[in-house]
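Here's a quick briefing to read with the model open next to you. Start with the structure itself, then work through the topics below.

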Amino acid sequence: MSKIAFISPDKDLFLKGKKIVHELGLENKVDFYLARLKRAIRLARSLQNTDVDVIVSRGGTAQLIIESHVNIPVVEITITGQDLAQVFYEAKKITKLPHPKVTMQAFSNMIYDIEILSNILGIELTIHSLEKTEDIPMKLATITPSDTDVVVGGIKTATLAKAKGFKTLLIHSGDFSIRSAFIEARKIALARKIEKQQTQEIKALIDYSLEGIISVNRQKIIRILNPAAERLLNCSAPKNLGQKINSILPGVNIDNCLLDGQELIGQVIQHGRHWLTLNIAPIIVDETIIGAIITFQDITRIQEMEIKIRNEVLARKFMAKYHFSDILGISDQIIETKRAAQEIAAVDANVLISGESGTGKELFAQSIHNASLRKSGPFVAVNCAALPANLLESELFGYVDGAFTGARKKGKPGLFEMAHRGTIFLDEISEMDKYGQNRLLRVLQEKQVMRLGDDKYIPIDVRIIAATNKNLIKLVKQEQFRQDLFYRLKVLTIKISPLRNRTGDIDFLAHHFLSHYTQKHHKEREISLMAYKYLSQYSWPGNVRELMFFIERLVVIAQEKVISAETIEKYWDDKEDLSEQPPVAVASPDLSEEQRIRAALIECHSNITHAAQQLDMDRSTLYRKLKFYKIEVKKIYE
């Protein structure tokens, strides 16, 4: 709670103050004291260690408290012209003289414009200006009865003058002055409360910061030394506050900061067994440098935090969620493939996974990662076909600021950097262009990457799992894929059989997907035995992915509770029977890529799946190339 201390030099003011405080409703916020001059100074100093935010006092007592440099604001009850006019009126009254001689002993804050007022009222005024309490008896000793009719001043002046036989008058403050002083004190107390709260917040930030923080003034004297600085420098704040900065950080030059306001960022120094990184910045108040702030950290700790962030934060962002238990199937082919993949997961070498689109290549890649020693690191998946060639390099290897037009400020780490201590999955590796293949080969050889626009290498520790739905050996022979890169990728290989060749898996997976989607969509559906047989006769060119999506479609749109073969036929309007292999392309190898695509579409009657298989490319790749060459496909029904 904000507190106001009212130090009254006399009883009359004390009682008036109580009345005004009651009128303002401040009883719970004001403490009353009766003291003057030196005793008031001792009282004010003792209040510095309490919750008092502001002192209210008057006259010489107020001036002496201010001059004693007490660190509590003081609000003076001013002596107004009305108060002085009242004194001069009483002087005329007690002397019964029209122009009495008045001697006033007062501190400088009590006698503003008093001479003008005395001339107006016809008072012969002599002023004895006081600087300290010892001046009061000394000044009185110079006064004779012939010099004055009345002595005016404070309590001590009036008491001593009366003892010498002089007529005396006390200077009183009116209600208006007292009320104004308490209203001002209330404002100051509120501002001090806000200031204290802000100070405590800043203190908490400094005390609990993990960085060492030191504040010095222009003479390089330490003013603040937080606990982190004590710990990092192995020193004590009580012993070093008030000492020169060189006593705990020898060799640190802050002259340029204090003289010209120059900042120093990232200076590295050795202190004992620790290497520290320092930042130095000026403290500026009203465009004047009043000191400097030094912050520093232990470089070893920064490195540890960087590793932690890399391994935890990035790992959460690039996380593999699938395990071998998520790969379903009962066929001998899938069981053997899973067994081989589990053996591969136990060793740290590059892996090449091949298989048609939809067979679950990424499921195997994630499962291998989660069963490996790198499972606590990130899993970064990249679809090489989805990124244009001009973006693939910057995404994989990153770039520095200004590397190209539109580059992000401060640059960007590449996916290889983000996969540090983990696994990077390069899907559709066959779609990577020759330049990208060259860069990837260098990464495999050197175990380091260089960002675009940079001139230094960054070491990385990454396991590569690549996947393709194309025959890479064929692409190597056609010189579309680097032979040396192919052999570096195929250290360990996994070939996933298409669904049509996996005996029993179609029925098993269809039943599993039916159970999953009936629960997800809150439907009741069953599949008849004949319907299972019907599904098994289809070649499923899209493999497990196609089967999964088709079962979801049946669950959602079928009206029948028991799904029969007729029901399947009814809702299977996009069925593509690949039981027979598509015709072999007869196009000349000398044709351009666009000409080969157009020829394949004609041969396959605009069937995208057949054309993609004939061209030995993924459907998504074919769609991308159709858009690139602006080839419009119109479905032809026979």
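Let's begin with helix H3: 7 of its 9 residues are buried, so H3 is largely enclosed by the rest of the structure. Here, buried means under 20% relative accessible area, exposed means over 50%, and partly exposed is in between (1.4 Å probe, protein chains only). Helices (H or I, at least four residues) and strands (E, at least two) are DSSP runs, numbered from the N terminus.

Keep in mind that this is a predicted model: local features need pLDDT of at least 70, side-chain atom pairs count only at pLDDT 80 or more, and totals for chains, interfaces and linings use all residues. Residues are numbered from 1 along each chain as its sequence is written, and side-chain values use heavy atoms, with hydrogens and water left out.

**H3 and its surroundings**

- The buried residues of H3 are Gly59, Gly60, Thr61, Ala62, Gln63, Leu64 and Ile65.
- Those buried residues pack against strand S1 (3-8), H2, strand S3 (52-58), strand S4 (74-77) and strand S5 (101-107), where contact means heavy atoms within 4.5 Å.
- Just after H3 comes histidine 69, with a positive phi of about 60°.

**H2 against H3**

- Helix H2 (residues 37-46) and helix H3 (residues 59-67) cross at roughly 45°, and their axes come within 9 Å. The axes are lines fitted to C-alpha atoms, for helices over the stretch in contact, and angles run from 0 to 180 degrees between N-to-C directions.
- H2 and H3 are therefore oblique to each other. For the cut-offs, angles under 35 degrees count as roughly parallel, over 145 as roughly antiparallel, 65 to 115 as roughly perpendicular and the rest as oblique.
- The crossing of H2 and H3 is right-handed: a crossing gets that label if the near helix is turned clockwise from the far one by less than a right angle, and left-handed if anticlockwise.
- On the H2 side, Leu37, Ala40, Ile41 and Ala44 make the contact, and on the H3 side Gly60, Thr61, Leu64 and Ile65 do.
- Sorted by class, the contact of H2 with H3 has 6 nonpolar, 2 polar and no charged residues. In this scheme Ala, Val, Leu, Ile, Met, Phe, Trp, Tyr, Cys and Pro are nonpolar, Asp, Glu, Lys and Arg are charged, and the others, Gly among them, are polar.

**H1 against H8**

- Helix H1 (residues 11-24) packs with helix H8 (residues 175-207) at an angle of about 60°, their axes 10 Å apart.
- That angle makes H1 oblique to H8.
- The H1–H8 crossing is right-handed.
- From H1, the residues in contact are Leu13, Lys16, Gly17, Lys19, Ile20, Val21, Glu23 and Leu24, and they meet Asp175, Ile178, Arg179, Phe182, Ile183 and Arg186 in H8.
- By class, the contact of H1 with H8 comes out at 7 nonpolar, 1 polar and 6 charged residues.

**H20 against H22**

- Helix H20 (residues 505-520) and helix H22 (residues 543-557) cross at roughly 45°, with axes that come within 9 Å.
- H20 and H22 are therefore oblique to each other, and their crossing is right-handed.
- H20 brings Ile506, Leu509, Ala510, Phe513, Leu514, Tyr517, Thr518 and Lys520 to meet Val544, Leu547, Met548, Ile551, Glu552 and Val555 in H22.
- The contact of H20 with H22 divides into 11 nonpolar, 1 polar and 2 charged residues.

**Residues worth a click**

- Leucine 37 sits in helix H2 and has a positive phi near 55°. Leucine 37 counts as buried, at 11% relative accessibility.
- Lysine 96 also has a positive phi, near 55°. Lysine 96 lies in the loop between helix H4 (81-95) and S5, and at 74% relative accessibility it counts as exposed.
- As background, most residues other than glycine have a negative phi.
- Aspartate 454 is in the loop between strand S19 (448-449) and strand S20 (458-459), and is buried, with a relative accessible area of 17%.
- The C-alpha atoms of aspartate 454 and valine 400 are separated by 6.2 Å, though the two residues are 54 residues apart along the chain.

**The whole chain**

- The protein has 26 helices and 24 strands.
- Its C-alpha trace spans about 140 × 65 × 45 Å along the principal axes.
- The radius of gyration is 46 Å, while a compact globule of 638 residues would have one near 26 Å. That radius is taken over C-alpha atoms, and the globule rule is 2.2 Å times the number of residues to the power 0.38.
- Buried residues account for 45% of the 638 residues.
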